Amino acid sequence: MADIQHYSHDTGWKNTILRGLLYLVLTLFAIYYLFPLFVMISTSLKSLSEIREGSLISLPRVITFDAWTYAWNEACVGVECSGIKIYFWNSVKMAVPAVLISTFLGAINGYALTKWRFKGANIVFALLLFGCFIPFQVVLLPMSMVLGKLGLASSTSGLVLVHVVYGLCFTTLFFRNYYVSIPDELVKAATIDGAGFFTIFWRIILPISTPIIVVSVIWQFTQIWNDFLFGASFASGDNAPMTVALNNIVNTTTGVKQYNVDMATALLTGLPTLLVYVLAGKYFVRGLTAGSVKG
Amino acid sequence: MASLTLDKVRKAYGPVEVLKEINIAIEDGEFLVLVGPSGCGKSTLLNLIAGLEGSSGGEIRIGDRVINDVHPKDRNIAMVFQSYALYPNMTVRKNITFGLEIRGVSNEDRDKAVADVAKLLQIEPLLDRKPSQLSGGQRQRVAMGRALVRDPDIFLFDEPLSNLDAKLRVDMRTEIKKLHQRLGSTIVYVTHDQIEAMTLASRIAVMKDGILQQFDTPQNIYERPNNIFVAGFIGSPSMNFINATLINDNGRLAVSIKRDNDPIVLPLKDAPESYQAYIGKDVVFGIRPEGLTHKRTGSDAPDSQYVNFDCKVEVIEPTGADTMTVVEIGGKEIVARVRPDRAPHPGEVMTFSADMSQISLFDPATELRI
């Protein structure tokens, strides 16, 4: 990241006003985006009676985590009332393998497409790139037929397969663009040293791919964790991912609408991706730009 | 160590021929430099020897072994790259031993080999550093260490000094030469720098457009270039080419150079038989800047190798050791190498001596040496 630049030669009142204006606009935008989050968090910490009495934006008088524990352990998804926790684990079981497999395959693809150029490599890459632009709705029917034939319908493994297939285009693109900037001589040197395709990949290429692996993991994790369409289409009942369960909790109302539970569930669903961003976000920007600068 | 033979080696990408029937043979322990302008095919030729690219025809032999279809790792060669191509994730030690490790050399042998090479190249303090913590010159040494440690039949260098600054380049050049003298290994070295070629090589192969122009010792290439391209490429400043006519001047062959008022007639010394066919015809007269100097002592003697003529000086370029003096002859700018204390002023008319024992004549149509 570039350092903040100081234009010391132009420090007049004009500059101060402009800077003040800039901060004002930025603050307004920040409030605009953070306000819903504030409402969600504060609502999730209120009791149901307090929500009924108080206003939307008031802070909770008594902070209670009842809604959170209820959402985790007892909330009803359809007729099943055992909370969101099993669906959370469903999502983990789906996202972790799908992210790892698609990232790994993307790395191998990118490596082969740049360092072991074969005839038609460009066409293969162009087709893969094309995959990035296919809307998911288009493939729902053919995909469900394929999953049925493979015996993976309504299973977590099936969802993993779907996400790997549709993530490949993006991960391949990431790794291919990153590897293009790595000099070919590295591979030539290793070839003369006696290393083969996979030895070079494991020992030399993969260890210098950390920035782009982070990018790929964040991107894939966010996509897969937040996906609703595939989850709703290809997994049902107990195998549904968290996003589908969230929808079912919020949309199926029996009796009183429990806003605090809805908010807590939504926050729980969004938390993992938020965490990934907080932990690895700075590598994301760094990794995205790394390849382009060296070019 | 081994000899290397390239027998009618060709390389084509589809219809584009980038190497045309290259024939080169060097003995065990020779230092071959492939030199030429960019795009002449020299790096491709090196890649063919290394096995990183397949040839389209001909035979490549190391010793008596034909290696056309042998995998690079089994050719027993080592290569130093222009970008050094050090593995960025490994320490210097790991970089040097990677090839040995892949080949299953035992730990003790590896440690010993690293120690030897590190001592030879004086990189012992660097062994546990990563390549990113090294300077350009140090990286260069490590890259050479990686090649040396394998004790290969042939070393291949692909423009190894191009990424260094001028001073370091000269130092490393000497170092490579020393190393070669010490180890006596067979080396193939690619460069576009003719000075590197002249200083390092035991034999030079000058290439252009995929065609081998001349393959000879540095001195022979310098003194007897095969054609105008080689003559102009090797040597700095470049050889002067003057359009002239070969004439019979009172029973002696001479070149006559047109000039407004009177032609310059330079009698040849020990003209070879091959010149006879060109009497009365146009030729390209080639003379190196050091063959054109201030008036030499003894140049007035009738059988002297020096011939004097007067000419007006256009520009002078002092370099310290010599002063490059630019004159205009036959419509072309000609550079003479003059001792600084004899240097003229621009505009002055000065007497020059041409050393006729060090000249070349070329056919203007074929550009080949006569």
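Student: How are residues, chains and ligands labelled, and what must a residue score to count?

Tutor: Residues are numbered from 1 along each chain as its sequence is written, and chains are lettered from A and ligands numbered from 1 in the order in which they are written. The model is predicted, with local features needing pLDDT of at least 70 and side-chain atom pairs counting only at pLDDT 80 or more, while totals for chains, interfaces and linings use all residues.

Student: How many helices and strands does chain A have?

Tutor: Chain A has 13 helices and 0 strands. Helices (H or I, at least four residues) and strands (E, at least two) are DSSP runs, numbered from the N terminus.

Student: Why is chain A called more spread out than a compact globule?

Tutor: The radius of gyration, taken over C-alpha atoms, is set against the globule rule, 2.2 Å times the number of residues to the power 0.38. For the 295 residues of chain A the rule gives 19 Å, and the value is 24 Å, well over it, so chain A is more spread out than a compact globule. Its C-alpha atoms fill a box of roughly 75 × 70 × 30 Å along the principal axes.

Student: What makes a residue buried, and what percentage of chain A is buried?

Tutor: A residue is buried if 20 or more other C-beta atoms, placed from the backbone, lie within 10 Å of its own, exposed if 12 or fewer, and partly exposed in between. By that count, 35% of the residues in chain A are buried.

Student: What makes two residues a contact, and how far apart in sequence are the partners in chain A?

Tutor: Two residues are in contact if their C-beta atoms, placed from the backbone, lie within 7 Å. Among contacts in chain A between residues at least 6 apart in sequence, 77% join residues at least 24 apart.

Student: Which domains does chain A have, and how far apart are their centres?

Tutor: The bounds come from an automatic or database domain assignment, which divides chain A into domain 1 (13-73) and domain 2 (85-294). Their centres, over C-alpha atoms, are separated by 32 Å. The contact involves 13 residues of domain 1 of chain A and 11 residues of domain 2 of chain A. On the domain 1 side, α1 (13-44), α2 (48-53) and α3 (66-73) of chain A each give two or more residues, and α3(A) gives the largest share, 6 residues.

Student: Which elements of chain B meet chain A?

Tutor: The contact takes 17 residues from chain B and 14 residues from chain A. On the chain B side, β6 (77-80) and α2 (92-102) of chain B give two or more residues.

Student: Where does UniProt place a domain in chain B?

Tutor: An unreviewed UniProt entry lists "domain: ABC transporter" at residues 4-234 of chain B; such annotations may be inferred rather than shown by experiment. That stretch of chain B is 37% helix and 26% strand. The domain assignment gives domain 1 (4-229) and domain 2 (240-362) of chain B, with C-alpha centres 40 Å apart.
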